[in-house]
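Open the model in your viewer and keep the selection tool at hand. Each stop below says what to pick and what is there.

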Amino acid sequence: MSTDHPDLAAIAALHRGDTARIDAIARRLARGAGLLGYRTEGVLRGYLLWSRGAGGAPEIERLYVAPGWRRRGIEERLRRRLPQLS
């Protein structure tokens, strides 16, 4: 796993033991995918991995919210920030 991205360790903490998922995210980040994180109390609670699709529009590749933080609007907040990247 590459540790170049500053949020990768926090993502690994969300997915404890799922090295395949963490490695896949690290590869996508190394290839230029973007990452939006949602933090509360300084802790990553959710993230959105995105890349540029056809015509340069941002496309969601992966969206994750920690189980204890679901149903609080975090997914919607992350999705709303995506168009601002266009």
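This is a predicted model. Start inside it. Select Ile11, Leu14, Ile25, Leu29, Leu35 and Tyr47: these have the most contacts inside the largest nonpolar core, a set of 13 residues. Now colour α1 (8-14), α2 (19-30) and β2, the elements that give two or more residues to this core.

Stay with one core member. Which residues does leucine 14 touch, leaving out those up to four places away in sequence? Show Leu44, Tyr47, Tyr64 and Ala66 to see them.

Next, move to another core, which lies apart from the largest one. This other core has eight residues, including Leu36, Tyr38, Ile74 and Leu82.

**The sheet**

Switch to a cartoon view. Three strands form an open sheet in the order β1-β2-β3, and their pairing is antiparallel. Which strands stand at the edges? They are β1 (34-40) and β3; each has a single partner strand, so one side of each lacks a neighbour in the sheet. Look across the strands: on average, neighbours are turned by 20 degrees against each other, direction ignored.

Select β1 and β2 together. Seven bridges join this antiparallel pair. Pick leucine 36, and you will find leucine 48 of β2 opposite.

**The hairpin**

Go on to strand β2 (residues 43-52) and strand β3 (residues 58-65). They run antiparallel, joined by seven bridges. Where does tyrosine 47 find its bridge partner in β3? Select tyrosine 64.

Follow the chain from β2 to β3. Five residues lie between the strands of this hairpin. Stop at glycine 55, which takes a positive phi near 75 degrees.

**Last stop: serine 51**

Select serine 51, in strand β2. Is serine 51 buried or exposed? Its relative accessibility is 15%, so it counts as buried, the cut-off for buried being under 20%.

Show the side chains of serine 51 and glutamate 61. A polar contact of 2.6 Å joins them. Then display what else surrounds serine 51. Beyond residues up to four places away in sequence, serine 51 touches Arg28, Ala57, Pro58, Glu59 and Glu61.

Notes. Residues numbered from 1 in each chain as written. Predicted model: local features only at pLDDT ≥ 70, side-chain atom pairs only at ≥ 80, totals over all residues. Heavy atoms only, no water. Pairing = 2+ DSSP bridges. Helix = DSSP H or I, 4+ residues; strand = E, 2+ residues; numbered from the N terminus. Core = buried A, V, L, I, M, F, W, Y, C linked by side-chain atoms within 4.5 Å. Buried < 20%, exposed > 50% of the residue type's maximum accessible area, 1.4 Å probe, protein only. Contact = heavy atoms within 4.5 Å. Polar contact = N/O pair within 3.5 Å; in protein donor to acceptor, adjacent residues only side chain to side chain. Axes fitted to C-alpha atoms, helices over the stretch in contact; angles between N-to-C directions.
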